[in-house]
Amino acid sequence: MHTDNTSLKPLQIGELTAEKPIIQGGMGVGVSRSSLAGAVAAEGGIGIISTAQIGYDEEGFERDQAGCNRIAISKHIRRAKEIAGGRGLVGVNIMVALKHYKEHVQEAVKAGADVIISGAGLPMDLPKLVGDSVTKIAPIVSSKRAAQLILKMWAHRYERTADFLVIEGPKAGGHLGFSREQLKDVEALDYDQEIKEIIACKKVYEEKFHTKIPVIVAGGIFDRSDIDHALELGADGVQIASRFVATKECDAAEEYKQAYINAKKEDVQIIQSPVGMPGRALRNEFIKDLESDRKPITKCYNCLEKCDPRSVPYCITKALIDAVRGDIKNGLIFCGENVDRIHEMTTVHDLMQELCY
């Protein structure tokens with residue numbers, strides 16, 4: 001258990017307040033949409049919808065992915081806010097690697113997203129895309145170098161800074177800002193030191209812009225002791241993803257949630273995404289098959305900017321949609337490092353209580 005009985009302090013992002021300093025991480029395709037994000041916001045946290053192929057179940061998606069995704073972005077933000085009932089904050093996670101990145105940002109702003117979190121690449125143009133809207137923006141960074149690069153560029157080019165920073169460590173799921181070599185020996189990275197250095201480097205920009213830039217730590221955050229540890233390092237809050245999968249409100253199929261509950265340590269594997277970034281996923285038939293052969297792509301879903309269907313080993317859209325619909329043998333199931341510690345289904349309310357009190 002955690003060291004003291006105090007409840008966590010609220011998270012302040014500019015004039016916005018989340019009563020609980022917990023961001024539920026964005027998980028695509030379709031794992032975190034309005035049902036999960038709305039439930040987290042209703043508990044006073046920040047619920048995040050992933051926009052990656054968010055419209056996969058809209059009518060006409062096979063014909064027009066871009067159009068269906070835009071419709072789904074505004075629909076799910078609206079729906080999540082209804083579920084939240086005026087509590088917490090609702091935002092989106094938009095990957096820089098997406099082919100329609102710009103449109104996703106503009107659609108989210110128009111729909112009234114409270115925050116946009118952006119990773120899987122460096123979101124150099126994000127300030128321009130949100131313009132003078134009230135939507136708060138945060139890059140996801142994994143190194144002091146990336147943080148400095150983005151903050152320097154935003155200050156120079158747009159005369160503004162990040163509203164908050166998400167530092168994603170090597171134990172996260174999905175697309176990771178680390179090399180395979182680094183991921184082979186995560187303990188050797190001394191990531192706590194990196195977090196402290198990122199926190200130190202943002203202070204220059206806080207002074208320059210007379211503002212506070214809260215820092216959120218992500219990647220392998222499992223329980224209250226992990227949260228306390230992140231706060232001791234100087235963070236203002238945490239982002240947690242994997243634990244929210246095994247909740248009744250999560251938007252994925254029951255089979256997908258069950259795969260998390262049944263996962264063992266040895267089931268977690270580092271794979272290469274067609275984006276060129278390593279990711280952490282559950283080893284299943286799909287991943288085993290890839291070891292001997294690529295999966296020919298019969299249809300391109302126009303999801304990633306730098307993807308050549310003729311040469312990549314598999315179609316990530318198809319693999320993620322298959323999984324979220326419940327085909328856990330032939331789909332791709334991203335997960336965090338600590339997935340083996342999840343043993344039962346819970347609710348967002350119970351999980352938030354466990355983490356906060």
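Pro-278, Arg-280 and Leu-282 point one way from strand E13, whereas Gly-279 and Ala-281 point the other way, and all are buried (under 20% relative accessible area, with exposed over 50% and partly exposed in between, using a 1.4 Å probe and protein chains only). The model is predicted: local features need pLDDT of at least 70 and side-chain atom pairs count only at pLDDT 80 or more, while totals for chains, interfaces and linings use all residues. Residues are numbered from 1 along each chain as its sequence is written, and side-chain values use heavy atoms, with hydrogens and water left out.

- Strand E13 covers residues 278-282 and is largely enclosed by the rest of the structure, because 5 of its 5 residues are buried; strands (E, at least two residues) and helices (H or I, at least four) are DSSP runs numbered from the N terminus.
- In a regular strand, side chains alternate between the two faces of the sheet.
- Strand E12 (residues 268-272) pairs with E13 in the antiparallel sense over 5 bridges, pairing requiring at least two DSSP bridges between two strands.
- Ile-271 has Gly-279 of E13 as its bridge partner.
- E12 and E13 form a hairpin with 5 residues between them, and Gly-276 in the turn has a positive phi of about 95°.
- Strand E9 (residues 174-175) runs antiparallel to E13 and is joined to it by 2 bridges, with Gly-174 opposite Arg-280.

**Glu-206**

- Glu-206 lies in helix H7 (residues 191-209) and counts as buried because its relative accessibility is 14%.
- Beyond its neighbours within four places in sequence, Glu-206 is in contact (heavy atoms within 4.5 Å) with Thr-211, Lys-212 and Ile-213.
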